[in-house]
Amino acid sequence: MKWIVGLGNPGSEYAKTRHNVGFMALDALAERHNISINQSKCKALIGEGMIQGEKAVLIKPMTYMNLSGETVRAYMDYYKVALEDLIVVYDDMDTEVGKIRLRYQGSAGGHNGIKSIIQHTGTQQFNRIRMGISRPEPGHAIVDYVLSNFPKKEKEALTSMIESTCDALEYAMKESFERTMAKFNG
């Protein structure tokens, strides 16, 4: 079984923002596999189903980004799941829009959702897919940038990136994360 946590903020006002690409990817994956993400558990919306013949649990924390670790910890403790079966999907300013980067460890890199997960799990070693949102132009406040919607000119890159993320998640259901990284870190 894999448990996949997409990071984002709850609420329709955040649905299309850069900070919510993790939610967007989980919604797309759920749609591909007819999984409904609608059970309320562990401070999250959760959906369970089969992907590539393996059980998958899709988790969207409803805690707001900065407290995402509370959901991860609650789910781990309640369901006794292994951290090595976790994949976190989230936005990354150091990756350009349209690109994804897979990692199995590392610091939070300034991302408060990842910082919260590291605090609540006590480790930086967990699988992750970083979805590119690029950096703001100089002079733009980061908080305003990550909470802004993608402009029309980036829609194609965004759609392609969501598809690549879903492809990588599907591949990771059957293959090791190391092999998944080798295939998808272009």
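Reader: Which residue in β5 is the bridge partner of Trp3?
Author: In this predicted model, Trp3 has Leu86 as its bridge partner in β5. Strand β1 (residues 2-6) and β5 run parallel, joined by four bridges.

Reader: And how many bridges join β5 to strand β7?
Author: Six bridges join them, and β5 and β7 (residues 127-132) also run parallel. Asp92, for instance, stands opposite Gly132 in β7.

Reader: Why is β5 largely enclosed by the rest of the structure?
Author: Seven of the seven residues of β5 (residues 86-92) are buried, so the strand is largely enclosed.

Reader: What is the order of the strands in the sheet?
Author: The open sheet has seven strands, ordered β2-β3-β4-β1-β5-β7-β6, and its pairing is mixed. At the edges stand β2 (39-41) and β6 (100-103); each has a single partner strand, so one side of each lacks a neighbour in the sheet. From one strand to the next, the twist averages 25°.

Reader: In which sense do β2 and β3 pair?
Author: They pair in the antiparallel sense, over three bridges. Lys41 stands opposite Ala44 in β3.

Reader: Turning to another topic, is Ala172 buried or exposed?
Author: Ala172 is buried, with a relative accessible area of 2%. This residue is found in helix α5 (residues 155-174).

Reader: What is Ala172 in contact with?
Author: Leaving aside neighbours within four places in sequence, Ala172 is in contact with Lys2, Ile87, Phe177 and Thr180.

Conventions: Residues are numbered from 1 along each chain as its sequence is written. This is a predicted model: local features need pLDDT of at least 70, side-chain atom pairs count only at pLDDT 80 or more; totals for chains, interfaces and linings use all residues. Side-chain values use heavy atoms; hydrogens and water are left out. Helices (H or I, at least four residues) and strands (E, at least two) are DSSP runs, numbered from the N terminus. Buried means under 20% relative accessible area, exposed over 50%, partly exposed in between (1.4 Å probe, protein chains only). Contact means heavy atoms within 4.5 Å. Two strands pair if DSSP finds at least two bridges between them. Axes are lines fitted to C-alpha atoms, for helices over the stretch in contact, and angles run from 0 to 180 degrees between N-to-C directions.
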